[in-house]
Amino acid sequence: AILQIFERDYARFLAGDWWRILTPLFVQDGGVSGSIFNVVSLVLVGSVAERFWGSQRWLIIFFAGGILSEIIGFAWQPIGAGNSVANFSLAASIAVLCLAFHGSGGIRVMAILALGVGMILLLIKDIHGAAMLLGVLIALILIWLDGHRFNRWP
């Protein structure tokens, strides 16, 4: 019942359920296994992203990437829920930092592979691909606004 009240549902959003632009980030449509996976991945990816970006930028990436992905989801996948899109935005932002500031070839290769998977998802109109593209764009904007912060690898 909670999922039906808070999930992404474009028809209900148009009917006045304005909260459906944010609440899908806090409920899961994958059942117990999907919920566990999304929460564990948030802990893992989120903790790395917070270490690199700090709490404020982490929140910007999580919510901007998540909410904008939910908006794209209205067109591509009109019904659904889960924080995985925000997780994908955080992961993409980490990949950008690895490409921009890390000297290790292996880590750069992994970052390129991860972003490549995101682009495949984008091409097949999966909102996780959109989330990764948004994570890349948000990361580039944050680096541009505060590039001196990244003169050394955290």
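Q: What share of the contacts between residues at least 6 apart in sequence join residues at least 24 apart?
A: In this predicted model, 71% of those contacts join residues at least 24 apart. A contact here means heavy atoms within 4.5 Å.

Q: What makes V136 an example of links across the sequence, and which residues does V136 touch?
A: Leaving aside residues up to four places away in sequence, V136 touches A92, V96 and L115. V136 itself sits in helix 7, which covers residues 127-145.

Q: Why is V136 called buried?
A: The relative accessible area of V136 is 15%. Buried means under 20%, so V136 with its 15% qualifies. Across the protein, buried residues make up 42% of the 154 residues.

Q: How do you know whether the radius of gyration agrees with that of a compact globule?
A: For 154 residues, a compact globule would have a radius of gyration near 15 Å; the protein has 16 Å, so the value agrees. The C-alpha atoms fill a box of roughly 50 × 25 × 25 Å along the principal axes.

Q: Which pattern do the helices and strands follow along the sequence?
A: The protein has seven helices and two strands, in the order α-β-α-α-α-β-α-α-α.

Notes: Residues numbered from 1 in each chain as written. Predicted model: local features only at pLDDT ≥ 70, side-chain atom pairs only at ≥ 80, totals over all residues. Heavy atoms only, no water. Helix = DSSP H or I, 4+ residues; strand = E, 2+ residues; numbered from the N terminus. Buried < 20%, exposed > 50% of the residue type's maximum accessible area, 1.4 Å probe, protein only. Rg over C-alpha atoms; globule rule 2.2 N^0.38 Å.
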